[in-house]
Amino acid sequence: MSDVLAPARLGPLTLRNRVLKAATFEGRTPDALVTDELVEFHREVAAGGVGMTTVAYCAVAPGGRTDAHQIWMRPEAVPGLRRLTDAVHAEGAAVSAQLGHAGPVANARSNRAPALSPSRMFNPLGMRFTKVPDALAIAEVVEAHARAARLARESGFDAVEVHLGHNYLASAFLSPLLNRRRDEYGGSLANRARVARELVRAVRDAAGDDMAVTAKLTMEDGVRGGFSIEESLRVAGWLQDDGAVDAIELTAGSSLLNPMAIFRGDAPRRNFARALPIPVRWGFQLVGGKFLREYPYRPGYLLDKARRFRAELTMPLILLGGITDLAGAEQARTEGFDFVAMGRALLREPDLVRRWQSDRATPSLCTHCNECVPTIYSKTRCVLRTS
C-alpha cells in the first residue's frame, strides 16, 4: 500500500490515510445551520475515501462570516453538526471544523454587523468602512474562538482548524499592508502575530488533548507590501515553539485582494461577476481583471514555497495546492510533508481517493477551470460533474 493511503497520526488522532478534504465553503447553509445537503456533501467525500474532511466555514461570531448564510458556532448549531459528524464517522473518516473570523473579508451588510479589521479600511462586500477592534474587542474574538472550539467538541468533531490565512482577521493582523496599528497588536511582526498566537492558544486550551488542532497559514498573500514568505516562516516557527498546533496547513493568496493566488488556473471573471450582488457587481466589472488575476496552473503549485517551511520546521506540515493524483501526493510525502489537502479535485470526483486504492494511476478529471469558484454564492459544486 502507498504510504499516502496508509494510516497516519495527526496529533492524538489516527487517520485512515494522509489525504484531507480541504476547507471549501459549501454553500449549503441558507439559515446558517446544517442542512441535509451539507451532511450529504461531507458524507459523500468521507465515503470516497479521504482520511478527514473539513467543514467550512464555521465562523466564531455572526459578524465573522463572509456571508450571512454561513454557519456561526452557537448552541443552536450543535444538533445539526452532531448529525454531520455522525454521518462522516459512519463512513470511516474523521471530520474537522474550520474556525475563524473573516475580519475585513466579512460581508457587513449581509451579516448586519460591522466587519473588523486591524486598521480602518473600506469593506467592499458590505460597501462600508470596517470597525477597528481595541484590546477588549480582540479579547472577545479570542474568547469566541475558544467557545467555538468547545462547541465543536460537543458536536463530535475530531479536530479543529484555526483560520490564519487569506487576509481573514488573524491574517489581516499579520499583514503590514492592512495592519497600521501603533499599539501592542501592530508595528513589529511579533506584535502583528499576537492575535494569531492568542487564537491558537485559546483554541488548544478549549479543545483539550484528545482533539487535533491545526492552523491554516498563508505563506504569502501575493500583494505588494503585504505578508511575505520571510515573515510567514518566522510566524510558523513561533507557532511550532508555542506547541499549540499539531500541524500547519500551508496556503497562499488573499480572499480580499488576490484570490487567484490561492487557486491558480483559469480566472472565471464572467460568472464570478454574475454571482455577485449589485452594486458589488458593478465595482467588480471595473476592477475584475486586477482582482481575479491569471496564474497558470501546474501540479503541486505551492510546493516550491512550502519546501522552505519543510526545511526550517520539524512539526507536521500539510501541503495544499495542485494535488490531484496519487503521484503528486507521494511526491509530497517523499519531500517530508505529512499530509496533503485537496479541494477542487474532490469537488469533481468525491471518490477519487477510493479509486486510487484500486488503480494507482487514476488521473483527476479536474480541468482547473475554476468555474466552481462562483458557485460558492449558491451551492458549491463542480459545473462539469454530471452525477
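Biologist: What makes S8 and S9 a pair of strands?

Modeller: Two strands pair if DSSP finds at least two bridges between them. In one spot, Leu164 stands opposite Leu217 in S9. This is a predicted model, in which local features need pLDDT of at least 70 and side-chain atom pairs count only at pLDDT 80 or more, while totals for chains, interfaces and linings use all residues. Residues are numbered from 1 along each chain as its sequence is written, and side-chain values use heavy atoms, with hydrogens and water left out.

Biologist: How do you know what to call a strand or a helix?

Modeller: Both are DSSP runs, numbered from the N terminus: a helix is H or I over at least four residues, and a strand is E over at least two. Strand S9 covers residues 212-218 and strand S10 covers 247-251.

Biologist: And what makes S9 and S10 partners?

Modeller: They pair in the parallel sense over 5 bridges, against the at least two that the rule asks for, so they qualify as well. Thr214 stands opposite Ala247 in S10, and Ala215 faces Ile248 of that strand.

Biologist: What makes Lys216 buried or exposed?

Modeller: Lys216 is found in strand S9. The scale is relative accessible area, found with a 1.4 Å probe and protein chains only: buried is under 20%, exposed is over 50%, and partly exposed is in between. Lys216 has 4%, so it is called buried.

Biologist: Which residues does Lys216 touch?

Modeller: Contact means heavy atoms within 4.5 Å. Leaving aside neighbours within four places in sequence, Lys216 is in contact with residues including Ala23, Glu161, His163, Glu249 and Leu320.

Biologist: How do you know which faces of S9 are covered?

Modeller: In a regular strand the side chains alternate between the two faces of the sheet. On one side of S9 sit Ala212, Thr214, Lys216 and Thr218, on the other Val213, Ala215 and Leu217, and all are buried.

Biologist: What about Gly64 and His368: buried or exposed?

Modeller: Gly64 lies in the loop between strand S4 (52-59) and helix H2 (78-90). Its relative accessible area is 0%, so Gly64 is buried. Among its contacts beyond four places in sequence are Tyr57, Gly100 and His101. His368 lies in the segment after helix H15 (352-358). With 15%, His368 also falls below the cut-off and is therefore buried. Its contacts, sequence neighbours within four places aside, are Arg264, Gly265, Asp266, Tyr297 and Thr324.

Biologist: What makes a group of residues a nonpolar core?

Modeller: The members are buried Ala, Val, Leu, Ile, Met, Phe, Trp, Tyr and Cys residues joined through side-chain atoms within 4.5 Å. The largest core here has 92 residues, and Met73, Leu99, Leu164, Val235, Ile248 and Phe309 touch the most other members. Helix H4 gives the largest share, 9 residues. A second, separate core of 15 residues includes Met52, Ala159, Ile318 and Phe339.

Biologist: How do you know at what angle H4 and helix H7 cross?

Modeller: Axes are lines fitted to C-alpha atoms, for helices over the stretch in contact, and angles run from 0 to 180 degrees between N-to-C directions. The axes of H4 and H7 (residues 194-207) come within 8 Å and cross at roughly 30 degrees.

Biologist: What handedness does that crossing have?

Modeller: A crossing is left-handed if the near helix is turned anticlockwise from the far one by less than a right angle, and right-handed if clockwise. H4 passes H7 in a right-handed crossing. Ile138 and Val141 of H4 and Val195 and Leu199 of H7 are among the residues making the contact.

Biologist: What kinds of residue make up this contact?

Modeller: Ala, Val, Leu, Ile, Met, Phe, Trp, Tyr, Cys and Pro count as nonpolar, Asp, Glu, Lys and Arg as charged, and the others, Gly among them, as polar. By that sorting, the contact of H4 with H7 has 11 nonpolar, 1 polar and 3 charged residues.
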